[in-house]
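Let's take a walk through a protein model together, one step at a time. Keep the structure in view as you read.

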Amino acid sequence: MMPNFSYLRVNSLEQAVEGLTSPETRVLAGGTDLLGCLRDRIFPADKLVSITRLDKLRGIEETADGGLRIGALTTLTELIDSPKLKERFPGLAQAAGEAASPQLRNQGTIGGNICQKPRCWYYRGEFHCLRKGGTLCYAFGGENQFHAIFGTDNKCCIVHPSDPSPALVAFEATVRVVGPKGTRLVPMEKFHVLPAENVEKETVLEQGEIVTEIVLPKPAAGTRSSYRKVRARRSWDFALAGVALAVAFKGDKVERARVVLSGAAPVPWRVKEVEEIVTGKKLDASTIAKAAAATVKNAQPLEHNAYKIPLFKAVMEEQLTAMAKG
Amino acid sequence: MKVDDPELYYMEGFPVPETPAPGEDPKPWIETFVIGKPLPRVDAYQRVSGSAIYPSDVSFPDMIYGVVVGSPHPNAMVERIDTSKAEKMPGVRAVITGSTAGADLTWKWPYGNSKSKLFDPHCRFEGDAVAGIAADTPYQAADAAAAVEVQYKVLPFVVDERKALDPAAPVIHGKDNHVGKPDTYERGDVNKGFAEADVVLETEYRTECLIHTPMELHGCVARWDGDRLTIWESTQGVYPVQQDVAGVLGMPLAKVRVIGHYMGGGFGSKLQAGKYTVIASLLAKATGRPVKLFLSREETFLSTGNRPPSNMKLKAGVKKDGTLTALEFTCLGTGGAYQSGGISLVDWLIRDLYTCPNVRCECNDVFINAGCARPFRAPGHPQGSWALEQTLDALAEAIKMDPVDLRLKNIPLYSQARAGDPPYTTTGLKECIEKGAAAFGWKEARKKLSQTKQEGHIRTGIGMGACLWFVGGGRPPSTIVLKLFSDGSANLNMGASDLGTGTKTVMAMVVAEELGLKIHNIQIENADTGATQYATASGGSKTVPTESPAVRAAAVEVKRQLLKIAADELKTDVQALTIRNGEILSSREPAKRIKIPDLKGLKQRGVIVGIGYRGPNPSNKWVNPFGAQFCEVKVDMRTGEIEVVRFVAAQESGRVMNRLTYDSQVIGGITMGIGLGLTEMRVLDGNETGKMCNRNWHDYKLPTALDVPREIVSVPIDPGDTEANSTGAKGLGEPVTIPTAAVIANAVYNATGIRVTETPMSPVKLCLMLAERDRRK
Amino acid sequence: MGKDSDENDRASHGGVTRRGFIASVGVGAVVAATGVTTAETAEPQVVKPEEMAKITLLINGRKHRMLVEPRWSLLYVLREKLGLTGTKVGCERGECGACTVLVNGVPRYACLTLAIEAEGQEITTLEGLMSGEELGPVQVAFVEHDAFQCGYCTPGQIMAVEGLLRKNPHPSDAEIRLGASGNLCRCGAYLNIFKAADRAAHLKAGKGGKP
């Protein structure tokens, strides 16, 4: 049962930004993540600013350059159902479809999805962990089978829970953020924050800032994309290992590649090692094998998640092989 | 040394009334008109329309809401509780602790001899009750719970049963963490048996701890009316709850009324009252208001039972011809922080399923600082099956025998583990295996798989296994009152709960069969200690075989009186009268017929009342259900993902009472078995805190709609059990979940060559095992 | 929206620009399933924690005026304030689907929906599928195929299937399984739920006949 809060339903973005008066004021959109966090008393909320009536933040439209602009309040279901998205950014549509459950996809927004809080059971549970201002990451010495193998900086080993985020990074999307100081655009790749930078934050959002839309540039000609997720059960589960690919081919050679992992690190994890290996090459068996091996080259598995090493290799191999076939 | 079978659900050996009198038992049905048909449930409308009132739906205008404050530590002493802040919070009506007058009560833990306080100052597991609060809204109650200040002395803990006997482990009760002496069983001479064997295999197995998590939360609404307490509880048995509550509160049984018309699942976790039941009653008393107290989902993960983890070792010997020569089994288990049957029945299948002259079992139960076990759909059996069926699979391979044939070679006709070697009334085991194999196409599939070299990363495998369930025959006591009204409608009064297995529907069908009534003219009142007959809890897959003979007895008694009235009015011989479709007919004089509503004698009386009792089971024979299951899986050899493609379940549970609900039990049992095999495990933070990590349905993974096979074929085996009881029914709900996980494991082995000996077989485990094997190659 | 390239350049340096605030946000084109559109200049609605908000909920075609705390979930209000107990409580954290209702025809979890947020939306609960005492087609199909056991998750399952069929009247087997994948059933009735969903699609299409 949630503690009480004051509630502010705004009619404009200006009102929303003005309403975000304290660090403990939270933005309410789909509510699927926030309300659960409040119920679990993970962090307090003195006020919820409901932006759900800001209809301007809803929907998908084409940009002048042939890309897409997705309003932050667009639900994951609306993403999955969008013919334009399916046609130009199939990997993103797949990723949205792999997230959560049908009902949660009907409720949850893309803005909320990229801002969601980690699912680490220590963070979500009654453990005063480092990310909640405590002194200890319980996962390093504890039950870490679902935790990170990259980017932990020996501070916090959450994995970023979002499925769409790695696909958005792969498509080189940009996040538009509005705050008290105005608007800024943040490349998706720089939107999430590693523990080394700030262990109590997951995104670059500052006090008073709201994600308003995500802009997808037009993919290069010949781009193929995919998202593949392995999980412990087939619905309603976060990634044990996920791979988002956006690969532009010229003829049978890779011209440009973006390879991003989910379930791997505290942020969507771009593996430039793999991108470098495949760029300029034909995706033949030997290139794919090298790429698969490079996926986990710098991984640092914990006591209970060593399986992620062969698993990421397997998924990378499987996905690059499928992509080579077209 | 033979033993009497363990008593888990009920006792044997007391005199019970019998109707009809012994020797006058109704003969087994031969041709049936209603029984066995796939009829929709009699309460289907209520369940799909929302008009079924489950206990958590009960509401009163003056009702308030209760909450339990639980210990956040797995082992801690409560040194001080300050409730003053909570008491002053908005909407709060009562805060009770162990020092509140009337709340210093003794709590008896249900499966053993353990006792503690209701609010015990020593919290030996996370979530044990520390205080209770009632407030106007559940939100306010939760606010107040968060404001209760408890000063704990946090103690060292042990939450891993494998470490509970370490000298350094904190001792939870007594002088070490042993619950008692090891539970041992022995027949023959295992060493001799192993010496005779051509192949001996020894393997360690482990099954993880599972949580029942029925969809409806555990809890109740409690309401006082003077000195009478009425409780609407989500329960499998209203009478056991009555007994528990009356016992703790020191009240006369007759003053505690427990009602549970509907309930949203229990699977063994709702066979008795919880502390929450008593706390709700105390809060209702303190406030003079009805109190609704349902635990939160997270709390139910901590304190409402589990299928305990089992650490097993099985050594087995077999001759080349498939004769089992010896089985030696050890198990370390835990029921949690109090005696709760942590090893209960884990070894039963090793003792009794397959013919084997030399068997030795030793099971050790230890205490840990975790929530107590409760019976969980076929307690012990799926764990033992995980070890036994995988071992048989491995033995079959070692002697190059079809696993089906190995099992067929060792079919017992009597219960080897019970004193006196009682024969089974029927043993459908052989038929289950043979017919199941035929329906699955086992031989063909096996041949095809052995002849084709599988290419690519997706490999197909098949597996099988068999089972019995150690009870499932039902037993007394049960009383049924059946009222036939003058218009030909009937009211059936039964104490038992319908867990969703279709109990009520089956009982209405028995009445319809016997009295020729229309199903929709039969109304059932059940599960109310104040208004319905005595019944034991619905558990142990015994409800239909317990209640249906009593219902039939009551119907036979009504029929006797009815036909007497009809014979008088028709002036004909009662012996020649039968009932069809609400009409009484004479087989000798076709002109003599009368509809039930036209009987003047019945109209004058208004009603015929028949009382039926459940008589004793046959002496010197044993009643058990059997089964065999077969499955096909596809395994991704790179990622370790497993897809269960199809299942066949051939179950011998006596007479099929309703084919529709029968098949529902089958698909439900297999789905639950998939959870054990592939997705579910309790995770405790063993190093730092001992707290449960995955106390929610995101992290504790039930199978979803996408985790079940496309096809589950149910092949009922009914050899016609005329001795078990007067309806010939045996239990189904539990046997059908017993071998499922092991059957999947055997199929995974068949596909991959890797034997996964620990549940769950998720990519977390299998991906690593596959990779390690590839590396070794 | 020609400012994009300019802003993208700045974005790569993490720059901030006042330009474009409000003016350039928003997609605008596709909108408004919510039914409540308030002028941007209208004052925001404020409810303090100690206050109750006066709201009107439109449930099964009927308006309910009531006072709610901001934190009350739609689930709590439906069950404990309006007595609509067809919507069940399973986890209160969006993990089981027992509380599934339709909001503007779309299945959602009532436990993760604030009642105050549901104002102005069209809410359909299990009770709303009935016509008087007569069952709706999805309910009939669930009865015919015994698509439940204890029945507690059933209202949510029915609402999920209802929502699926409203969006996709002729779903494939795979679409049915996916549509049912946001509702847990511990009794394990999934296979019969799939059959019932398929049957319900036929019933809704006016094709009766034997199941």
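A polar contact is a pair of N or O atoms within 3.5 Å; within protein, one must be able to donate a hydrogen and the other to accept it, and residues adjacent in sequence count only if both atoms are side-chain atoms. This is a predicted model, where local features need pLDDT of at least 70, side-chain atom pairs count only at pLDDT 80 or more, and totals for chains, interfaces and linings use all residues. Residues are numbered from 1 along each chain as its sequence is written, chains are lettered from A in the order in which they are written, and side-chain values use heavy atoms, without hydrogens and water.

Start with Q561(B), found in helix α14 (residues 543-570) of chain B; a helix here is a DSSP run of H or I with at least four residues, and a strand is a run of E with at least two, numbered from the N terminus. The side chain of Q561(B) makes polar contacts with the side chains of E557(B), at 2.9 Å, and R605(B), at 2.7 Å.

Now move to where chains A and C meet. Here 66 residues of chain A are in contact (heavy atoms within 4.5 Å) with 68 residues of chain C. Five salt bridges cross this interface, each a side-chain nitrogen of Lys or Arg within 4 Å of a carboxyl oxygen of Asp or Glu. One of them joins E92(C) to R39(A), with the closest N and O atoms 3.7 Å apart. There are also 26 residue pairs in polar contact between chain A and chain C, both residues at pLDDT 80 or more.
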